[in-house]
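Notebook open, structure loaded. I'm jotting down what I looked up, in order.

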Amino acid sequence: MKKVTVYITLKPGVLDPQGKAIQESLQSLGYQEVEDARVGKYIELQVEEGPNIEERITEMCDRLLANPVIENYQFDLEGVK
């Protein structure tokens with residue numbers, strides 16, 4: 001088994017109301033140094049080793065885990081460089 005860590009973020013220019021709410025809340029608590037906040041997703045998967053595993057993970061991200069129209073993603077596959 002391999003551990004896959006997927007990081008999904010909104011593309012630049014896509015509005016992030018949740019991130020804006022976090023930024024404003026932090027500033028209201030006195031953290032004026034926070035100029036922007038963006039919210040993303042973090043997903044961990046356990047996958048069996050096999051041929052084309054990186055292609056399969058990319059397919060999973062494109063088809064279900066991320067919305068490629070408005071989100072970018074990257075993943076780390078533990079033990080594979």
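How many bridges join strand 1 to strand 2, and do they run parallel or antiparallel? I found seven bridges, and the two strands run antiparallel. Strands here are DSSP E runs of at least two residues, helices H or I runs of at least four, numbered from the N terminus. Two strands count as paired if DSSP finds at least two bridges between them. I checked K3, and its bridge partner in strand 2 is Q46.

Before going on, I noted that this is a predicted model, where local features need pLDDT of at least 70, side-chain atom pairs count only at pLDDT 80 or more, and totals for chains, interfaces and linings use all residues. Numbering starts from 1 along each chain as its sequence is written, and side-chain values use heavy atoms, leaving out hydrogens and water.

Next I looked at strand 1 with strand 3: seven bridges join them, antiparallel. Y7 has Q74 as its bridge partner in strand 3.

Then the core. I get 13 residues in the largest nonpolar core, and V4, V6, L45, I57 and L65 touch the most other members. Core members are buried Ala, Val, Leu, Ile, Met, Phe, Trp, Tyr and Cys residues joined through side-chain atoms within 4.5 Å; buried means under 20% relative accessible area, exposed over 50%, partly exposed in between (1.4 Å probe, protein chains only).

I followed I57 up: leaving aside neighbours within four places in sequence, I57 is in contact (heavy atoms within 4.5 Å) with V4, F75 and L77.

Last, I looked up L29. L29 sits in the loop between helix 1 (17–28) and strand 2, and is exposed at 63% relative accessible area.
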